[in-house]
Amino acid sequence: MHENIKKAAHIICQSKQTLALTGAGISVESGIPDFRSPGGLWERFDPIEYGTIEAFRAEPEKVWLMLQEVSVLLDRARPNPAHTGLGQLEKMGVLHCIITQNIDNLHQEGGATNVIEYHGNPKTLSCLWCSQRYSADELKGDGPPKCSCGKILKPDVVFFGEPIPIKALQESHELASSCEALLVLGTSAEVTPANTIPRMAKIAGATIIEINVTPTVLTNYVTDIFLQGKASEVVTELVQEVESMMAQHEKKRLCRDPGKRS
Ligand code: NAD
Ligand code: ZN
């Protein structure tokens, strides 16, 4: 494992553009369950029954029962070392952008600033009938939030069957086609079209580094370096290795060129 961490750190230090694609698994250690692993929330609220746009249009009150439970979990969640570690890599100048499928804001809270929210953000709500938008905080309370037109509002997250916000889609696909390294963390890569990003990057010649507790559909066909383990532990080790490689590189540079000491 340590050899693979070193290999991954080396790739990250060499790459001119590194991207990360994250999924629900990166936030499991922050207390938000993912879709695939066994556990409470999603066994009671089947994502297919509650997470489609057809379900929302037909029975918004029922879907809001799930949304209200999710909202409690999101409010409580704090970034874990995987989120803060990616934030550190961004500050060190070796991670250029994070594309996240998550809707939990934990990358931003963990210090990252360049984040593409591929599946939107529940901080705003929209009316499917008259298109008015509201801040979610403004309308917090009991029962589903309503528009001034009387209809129940939908959070601005992408439900199954809805398109990806066009700006997020275009930017992600441009970045995937031009990056030299892609870190894929905590995603089963089962949800389309987000799961086209690793293949797009691979075709463009990027090295794919995957971090997950279990192998996925990508591991044998797309991934170049598989780092098996909990995202928080693997990212912490990876950041330490990148830091030490950068420090060694700086030391060598200063020895070669002492005049440039600052
Ligand atoms: P997924 O549930 O399909 O897969 C999660 C993956 O994370 C699995 O492969 C699992 O093995 C891995 N994993 C679990 N714990 C981990 C850990 N501690 N460290 C590393 N890996 C771990 O998630 P997905 O691929 O993101 O697809 C689910 C969809 O549901 C996405 O569209 C996402 O937007 C949404 N979702 C979001 C959240 C959130 O915002 N936190 C939570 C649940 C679902
Ligand atoms: Zn309305």
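**Salt bridges and cover**

Q: What makes the meeting of the E69 and R44 side chains a salt bridge?
A: The N to O distance is 3.0 Å. A salt bridge needs a side-chain nitrogen of Lys or Arg within 4 Å of a carboxyl oxygen of Asp or Glu. E69 and R44 therefore form a salt bridge. The pair links distant parts of the chain, with E69 in helix α5 (residues 60-76) and R44 in helix α2, 25 residues apart. Helices are DSSP runs (H or I, at least four residues), strands are runs of E (at least two), and both are numbered from the N terminus.

Q: What kind of model is this, and how are residues and chains labelled?
A: This is a predicted model, in which local features need pLDDT of at least 70, side-chain atom pairs count only at pLDDT 80 or more, and totals for chains, interfaces and linings use all residues. Residues are numbered from 1 along each chain as its sequence is written, chains are lettered from A and ligands numbered from 1 in the order in which they are written, and side-chain values use heavy atoms, with hydrogens and water left out.

Q: Why is E69 called partly exposed?
A: Its relative accessible area is 30%. Buried means under 20%, exposed means over 50%, and partly exposed lies in between (1.4 Å probe, protein chains only). E69 therefore falls in the middle class.

Q: How do you know that K62 and E49 form a salt bridge?
A: Their side chains meet at 2.7 Å, N to O. That is within the salt-bridge limit, so the label holds. K62 is in helix α5 and E49 in helix α3 (residues 47-50), 13 residues apart. K62 has 25% relative accessibility, so it counts as partly exposed. E49, at 41%, also counts as partly exposed.

Q: How many salt bridges does a search of the whole structure find?
A: The search finds 7. One of them joins E180 and K16, with the closest N and O atoms 3.7 Å apart. E180 lies in the loop between α8 (166-178) and β7 (181-185) and K16 in the loop between α1 (2-14) and β1, so the pair ties together parts that are 164 residues apart in sequence.

Q: Why do E180 and K16 get their accessibility labels?
A: E180 is at 32% relative accessibility, so it counts as partly exposed. K16 has a relative accessible area of 66%, so it is exposed.

Q: How do you know which residues surround ligand 1?
A: A residue is near a molecule if one of its heavy atoms lies within 4 Å of it. For ligand 1, 27 residues surround it, and the closest are F35, R36, Q101, T187 and S188. The shell divides into 10 nonpolar, 12 polar and 5 charged residues.

Q: What makes F35, I48 and F160 a nonpolar patch on the surface?
A: Patch residues have over 30% relative accessible area and no salt bridge; nonpolar side chains (Val, Leu, Ile, Met, Phe, Trp, Tyr) are joined within 5 Å, like charges within 9 Å. F35, I48 and F160 form such a patch, with about 270 Å² of accessible area together. Accessible areas come from the Shrake-Rupley method with a 1.4 Å probe, and for residues only the protein chains shown count as cover. F35 is at 35% relative accessibility, so it counts as partly exposed. F35 is found in the loop between β1 (18-22) and α2 (40-44).

**Buried residues**

Q: Why is T223 called buried?
A: Its relative accessible area is 13%, so T223 is buried. T223 lies in the loop between β8 (207-212) and β9 (225-228).

Q: What makes the pairing of the T223 and E210 side chains a polar contact?
A: The distance is 2.8 Å. A polar contact is a pair of N or O atoms within 3.5 Å; within protein, one must be able to donate a hydrogen and the other to accept it, and residues adjacent in sequence count only if both atoms are side-chain atoms. T223 and E210 therefore qualify.

Q: Why does V184 count as buried?
A: V184 has a relative accessible area of 1%, so it is buried. V184 is found in strand β7.

Technical notes. Ala, Val, Leu, Ile, Met, Phe, Trp, Tyr, Cys and Pro count as nonpolar, Asp, Glu, Lys and Arg as charged, and the others, Gly among them, as polar.
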